[in-house]
Amino acid sequence: MTVFRMSEAAELLGVSTDTVRRWVDAGRLAAARDDQGHRLIEGADLAAFVRAQAADPEERAEESSARNRLRGIVTAVVKDAVMAQVDIQAGPFRIVSLMSREAVDELGLEVGSVAVAVIKSTTVVVEKPAATAGNRGRTSP
């Protein structure tokens, strides 16, 4: 059976060890103690937790066959007359997408805005997340 230390689980999830500890303390993620008193998380429990987090229907603006959706912040936009390069930092992942300048302009993508990288096979589609109350990624007028 595979087990993970709290720090290993945190690294896999792209969060801090303190965040994993809070999840365990709140009962959201199961953990047991080893002989030295260190908390360990069984691989199956961690996988179930990750699946439950990914299945949150509110994260999906529309139905899509794409399963890899990474929400992040736009860190760079380079545009020329026809094409554009958009860099998104989603947790520990840097995603680079090449798209038309028109698409970037229509989506209002700019450094600091929130975007979702939708990855399907070798194609990355960038979407703006659905507007919600308290959405920290809103653009100012």
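In this predicted model, the face of helix 2 turned away from its buried side carries the exposed residues Arg22 and Asp25.

**Helix 2**
- Helix 2 spans residues 17-25, and its buried residues include Thr19, Val20, Trp23 and Val24.
- These four lie on the same side of helix 2, because they cover an arc of only 140 degrees around the axis.
- An α-helix has 3.6 residues a turn, so residues three or four places apart point the same way.
- After helix 2 comes Gly27, which has a positive phi near 85 degrees.

**Nonpolar cores**
- The largest nonpolar core has 12 residues: Val74, Ala84, Val86, Ile88, Ala90, Ile95, Met99, Val104, Leu109, Ala115, Ala117 and Val126.
- At least two residues of this core come from each of strand 5 (83-90), strand 6 (93-100) and strand 7 (114-120).
- Strand 5 contributes the most, with four residues.
- Leaving aside residues up to four places away in sequence, Ala115 is in contact with Leu70, Arg71, Gly72, Val74, Ile88, Leu109, Val126, Glu127 and Pro129.
- In soluble globular proteins, nonpolar side chains tend to be buried together.

**Surface patch**
- On the surface, Val82, Met83, Val96 and Leu98 form a nonpolar patch, and together they have about 380 Å² of accessible area.
- Met83, a member of this patch, is located in strand 5.
- Met83 counts as partly exposed because its relative accessibility is 39%, which lies between the limits of 20% for buried and 50% for exposed.

Conventions:
Residues numbered from 1 in each chain as written. Predicted model: local features only at pLDDT ≥ 70, side-chain atom pairs only at ≥ 80, totals over all residues. Heavy atoms only, no water. Buried < 20%, exposed > 50% of the residue type's maximum accessible area, 1.4 Å probe, protein only. Arc of directions from axis to C-beta. Core = buried A, V, L, I, M, F, W, Y, C linked by side-chain atoms within 4.5 Å. Contact = heavy atoms within 4.5 Å. Patch = residues over 30% accessible without salt bridge, like charges linked within 9 Å, V, L, I, M, F, W, Y side chains within 5 Å. Areas by Shrake-Rupley, 256 points an atom, 1.4 Å probe, with all protein chains shown as cover. Salt bridge = Lys/Arg side-chain N within 4 Å of Asp/Glu carboxyl O.
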